[in-house]
Amino acid sequence: MGRIGQALARRAVASGMEIIYHNRNRLDRKIEQKYDAKYVSFDELLRTADYISLNAPSTPETLKMIGENELDRMKPTAVFINTARGNMVDEKALAKALKEQKIWAAALDVYENEPKISPELVSLDNVLLAPHAGTKTIEDRNKMAEEMAQNIIGFYEGTYEVSRVN
């Protein structure tokens, strides 16, 4: 529950949702209190969450972190959301889980083999497929350019912690 997860938590809390989360490291108590968020194990998150939103960097540890085993542990009423990276989800297992109604629905804006979208997912009625366009606004592009410039200047001056994208 980093920057993106916390932004999602703000919106979820405003919608009356309860927040449970799993993270590599537990958040500071002040952040947990801000969202009334409860830290749980990955297994408990999979077994109990109504909505599971994947918001993590792509690393060797997160490659295919959602597969058949993880989908089988989700509630049949669960909605799975992936806006992180496509390689973190086994799309064949996801399509199978959706087709067999092991989970209720999914929403994706990233895909395992971007820009190709799995034909199995395209044919299903219980999946929302959207283009990965979260940073395609002028405002976001300007913010990204400013951050990049700050990173470059800070790197040479030794005054700015360089942002990393995985």
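How many aromatic pairs does a search of the whole structure find? The search finds 2, where rings of Phe, Tyr and Trp (its six-membered ring) pair if their centres lie within 6.5 Å, with planes under 30 degrees apart counted as stacked, over 60 as edge-to-face and the rest as tilted.

Before the details, please keep in mind that this is a predicted model, in which local features need pLDDT of at least 70 and side-chain atom pairs count only at pLDDT 80 or more, while totals for chains, interfaces and linings use all residues. Residues are numbered from 1 along each chain as its sequence is written, and side-chain values use heavy atoms, with hydrogens and water left out.

One of the pairs is Y21 with Y39, edge-to-face at 5.3 Å centre to centre and 65° between the planes. This pair links distant parts of the chain, since Y21 sits in strand β1 (residues 19-21) and Y39 in strand β2 (residues 37-39), 18 residues apart; strands here are DSSP runs of E, at least two residues, and helices are runs of H or I, at least four, numbered from the N terminus. Y21 is buried, at a relative accessible area of 3%, whereas Y39 is partly exposed at 26%, where buried means under 20%, exposed over 50% and partly exposed in between, with a 1.4 Å probe and protein chains only.

F155 and Y156 also pair: their ring centres are 5.2 Å apart and their planes lie at 85°, so this pair is edge-to-face. Both F155 and Y156 are exposed.
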